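Reader: I would like to learn how to read a protein model. Please go through it feature by feature.

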Amino acid sequence: ALKPQGVLVTNVWLPRNESLKSKTSLNSKQWRDVQLFEVLTHHVLQVKWSQLTQEKMQQLLQQAGFTEVCFSPGTNGLCVLVTALRAST
């Protein structure tokens, strides 16, 4: 739970697929690490991934009372930093 005017900071992982490789700056070892991360989260921890677009995520955050939603792409092209200010109540 965030206090009024608190700041949410989270990240979003883009799905791993072959077409994304050309848009990222990861080397082969880093891609293997991404694959291991996927195995750990999906198969071992059984994390349920959702396929939200940036627009849908922004809409959901705003419906939840967040303003000033900002998406900042990471340097590797896989992870996006998301920040949002919780409106005062």
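This is a predicted model: local features need pLDDT of at least 70, side-chain atom pairs count only at pLDDT 80 or more; totals for chains, interfaces and linings use all residues.

Reader: How many helices and strands does the protein have?

Author: Helices (H or I, at least four residues) and strands (E, at least two) are DSSP runs, numbered from the N terminus. Here there are 3 helices and 3 strands, and from the N terminus on their order is β-α-α-α-β-β.

Reader: What share of the residues is buried?

Author: Buried means under 20% relative accessible area, exposed means over 50%, and partly exposed lies in between (1.4 Å probe, protein chains only). Of the 89 residues in the protein, 19% are buried. Accessible areas come from the Shrake-Rupley method with a 1.4 Å probe, and for residues only the protein chains shown count as cover. The protein has about 6600 Å² of accessible surface, with 56% of that belonging to carbon and sulfur atoms.

Reader: Which residues of α2 are buried?

Author: Trp-31, Val-34 and Thr-41 are the buried residues of α2. They lie on the same side of α2 because they cover an arc of only 90° around the axis, the arc being that of the directions from the helix axis to the C-beta atoms. On the other side of α2, the exposed residues are Ser-28, Leu-36, His-43 and Val-44.

Reader: What span does α2 have from its first C-alpha to its last?

Author: The expected span of a helix is 1.5 Å times one less than its number of residues. With 17 residues, α2 reaches 23 Å, close to the 24 Å expected. Just after α2, Gln-46 has a positive phi of about 55°.

Reader: Which residues form a salt bridge?

Author: Side chains of opposite charge can pair when their charged atoms come close. A salt bridge is a side-chain nitrogen of Lys or Arg within 4 Å of a carboxyl oxygen of Asp or Glu. The structure has 1 salt bridge: Lys-29 pairs with Asp-33, with 3.2 Å between the closest N and O atoms. The two residues are 4 apart in helix α2 (residues 28–44), so about one helical turn separates Lys-29 from Asp-33. Lys-29 is partly exposed at 49% relative accessibility, and Asp-33 is partly exposed at 36%.

Reader: Which residues form the nonpolar patch on the surface?

Author: Patches are made of residues with over 30% relative accessible area and no salt bridge; like charges are joined within 9 Å, and nonpolar side chains (Val, Leu, Ile, Met, Phe, Trp, Tyr) within 5 Å. Val-39, Leu-40, Val-44, Leu-45 and Val-47 form this patch, and together they have about 420 Å² of accessible area. One of them, Leu-45, sits in the loop between α2 and α3 (54–63) and is exposed, at 54% relative accessible area.

Reader: What is in contact with Val-7, leaving aside its neighbours within four places in sequence?

Author: Contact means heavy atoms within 4.5 Å. By that rule, Val-7 is in contact with Leu-2, Ala-84 and Leu-85. Val-7 lies in strand β1 (residues 7–13) and is partly exposed at 48% relative accessibility.

Reader: Where is Glu-68 found?

Author: Glu-68 is in strand β2 (residues 66–73). Its phi is near 50°, a positive value in a residue other than glycine, and Glu-68 is exposed at 62% relative accessible area.

Note on methods. Residues are numbered from 1 along each chain as its sequence is written. Side-chain values use heavy atoms; hydrogens and water are left out.
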